[in-house]
Amino acid sequence: QLVESGGGLVQPGGSLRLSCAASGFTFRWYSMAWFRQAPGKEREGVSCINSSDDSTMYIDSVKGRFTISRDNAKNMVYLQMNNLKPEDTAVYFCAAGPYGLAAHEYDYWGQGTQVTVSS
């Protein structure tokens, strides 16, 4: 089970920190990722973090603004989002699976948390 939290309404240029609590599987064995889906658009991978060496991957549009991290002791994964833009508005999902940003390869999904960037 994956449960996201931390979404909300923020002004452009603001920050949010998303959290995802994992249970029911061996967290440290899985790479973790954040995906997002805006209305009328396909789900896209935003960032992922490896299970073994904490290597990370980001889509170009969030590089330098978003940071993914994980805490294996707490079974948690985080997404720190800074300098948010209106185009970041979407439902953000936490997922567990192999390293990469292909949604169809992921085994476990959370229910999503809404992020709205608007003035």
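Predicted model: local features only at pLDDT ≥ 70, side-chain atom pairs only at ≥ 80, totals over all residues.
R36 itself sits in strand β4, which covers residues 31–37, and because its relative accessible area is 6%, under the 20% limit, R36 counts as buried. The side chain of R36 also makes a polar contact with the side chain of E44, and this pair forms a salt bridge, with the closest N and O atoms 2.7 Å apart. E44, at 32% relative accessibility, counts as partly exposed.

That brings me to the salt bridges in general, of which a search of the whole structure finds four. R65 and D88 meet through their side chains in one at 2.7 Å, N to O, and since R65 lies in the loop between β6 and β7 while D88 lies in the loop between β8 and β9, the pair ties together parts that are 23 residues apart in sequence. Both R65 and D88 are buried, and together with R36 and E44 they are linked in a network of salt bridges. K63 and D60 form another salt bridge, at 3.0 Å between the closest N and O atoms; here K63 is partly exposed at 49%, whereas D60 is exposed at 62%.

Finally, a word on Y78, which is found in strand β8, residues 76–81, and is buried, with a relative accessible area of 13%. Leaving aside residues up to four places away in sequence, Y78 touches several others, among them R17, W34 and D71, and its C-alpha atom is separated by 9.1 Å from that of C94, 16 residues apart along the chain.

How values were computed: Residues numbered from 1 in each chain as written. Heavy atoms only, no water. Helix = DSSP H or I, 4+ residues; strand = E, 2+ residues; numbered from the N terminus. Buried < 20%, exposed > 50% of the residue type's maximum accessible area, 1.4 Å probe, protein only. Polar contact = N/O pair within 3.5 Å; in protein donor to acceptor, adjacent residues only side chain to side chain. Contact = heavy atoms within 4.5 Å.
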